[in-house]
Structures are given as C-alpha cells and as structure tokens.
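Open your viewer and get ready to select a few residues. We will go stop by stop, and each stop says what to pick and what to look for.

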Amino acid sequence: MINLPEELKSRIPIEDVVAQYWEEPNRAHRVKCFAHNGKDRNMLVKNGFAYCFVCGARFDIIGAVQNLFGLSFVQACEKLNIDFDCGLPIGKKLTRSEIEELKRAEAKRRAARQAAENRKRIENKIFINVLKLSIQKSF
C-alpha cells in the first residue's frame, strides 16, 4: 500500500513549501522562523526539514503546513496535494484497479530513483579513476 505522507515528502521539497507559504530561503537556505515568528533568519531549510536554531522547532513539509495554517495532519496533506498538484488519492476510496495503478506508478518511481542513484555511483567511480590516473601521470 502507498504511504501517502511519505509520497508527498518524496515529491515536494521543503524549500518549495517554505518559499510558497512563508518566504524564499536565501542562498544559505535560511528563513525567518515561522514557529516563533523570528526577526532574523535562524531557520535552516534543507534536506527535507526546516529547523530553527533559536527555538528548536523542527518540521517536515506536513508539519510546516500544519504550523503555518493551523491544520490537522490530514488537512495539511490535502492542502499540499492540491497546491502542488500531486494528484494523490487522499481521502478517497479507491477501486482495486486504481490501487494497482498507484502501485505500478510507485514501483516505476522507485526504479527511476534507483537508476539515478546507480548512475551517480558509477559517475563517481569513473571520476575517481580518472583522477587517480591523472595523479599517476603527473608523477
């Protein structure tokens, strides 16, 4: 079965959520904290989370929307699903064929992610080998 909150988190970067609903992060990935309404850019927005160095608040995309809009968990998921056009079946009763289609789509996304990770791993190995060869030639 599809884990809808995790699917939302995998599709929507925290930076996009904070930029759309609060303010655009600067080059250092910092914004003013929306948890304590800070005046300085003490909240780091990176790697799937927003973390405030002053008050210690820590949010993923769903928690950030809950905090910003005073919504329940399900309401925050629905808002993200609609606002970022994810098309996930939140709050809907699905037929067997719809469930199977979602499972196939999830399997394709996982395979694509795995392929991208494998390509990156291979590119890194090639880069390291080329670097080793260039170092050996220089000596």
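Start with phenylalanine 127, which counts as exposed because its relative accessibility is 54%. (Exposed means over 50% relative accessible area, buried under 20%, and partly exposed in between, with a 1.4 Å probe and protein chains only.) You will find phenylalanine 127 in helix 5, residues 96–138; helices here are DSSP runs of H or I with at least four residues, strands are runs of E with at least two, and both are numbered from the N terminus.

Before moving on, a word on the source: this is a predicted model, in which local features need pLDDT of at least 70, side-chain atom pairs count only at pLDDT 80 or more, and totals for chains, interfaces and linings use all residues. Residues are numbered from 1 along each chain as its sequence is written, and side-chain values use heavy atoms, with hydrogens and water left out.

Next stop: salt bridges. How many does a search of the whole structure find? The search gives 6, where a salt bridge is a side-chain nitrogen of Lys or Arg within 4 Å of a carboxyl oxygen of Asp or Glu.

Select glutamate 7 and arginine 11, whose closest N and O atoms are 2.9 Å apart in a salt bridge. The two are 4 residues apart in helix 1 (residues 4–11), so about one helical turn separates them. Glutamate 7 is buried at 5% relative accessible area, while arginine 11 is partly exposed at 29%.

Then pick lysine 79 and aspartate 83, which meet in a salt bridge of 3.0 Å, N to O. Both sit in helix 4 (residues 73–83), 4 residues apart, about one turn of the helix.

For another kind of pairing, select arginine 41 and glutamate 23, a salt bridge with the closest N and O atoms 4.0 Å apart. This pair links distant parts of the chain, 18 residues apart: arginine 41 is in the loop between strand 1 (30–31) and strand 2 (43–46), and glutamate 23 is in the loop between helix 2 (14–21) and strand 1.

Go on to Glu6, Lys9 and Asp60, which are linked in a network of salt bridges. Zoom in on aspartate 60, in the loop between strand 4 (58–59) and helix 3 (61–69). Is aspartate 60 buried or exposed? Aspartate 60 counts as buried, because its relative accessibility is 17%. A polar atom of its side chain lies 3.1 Å from the backbone nitrogen of isoleucine 62. Beyond neighbours within four places in sequence, aspartate 60 is in contact (heavy atoms within 4.5 Å) with Lys9, Ile14, Gly48 and Phe49.

Finish with the cysteines. A search of the whole structure finds 0 disulfides, a disulfide being a pair of cysteine sulfur atoms within 2.5 Å. For cysteine 55, the nearest cysteine sulfur is that of cysteine 52, 3.7 Å away.

Technical notes: A polar contact is a pair of N or O atoms within 3.5 Å; within protein, one must be able to donate a hydrogen and the other to accept it, and residues adjacent in sequence count only if both atoms are side-chain atoms.
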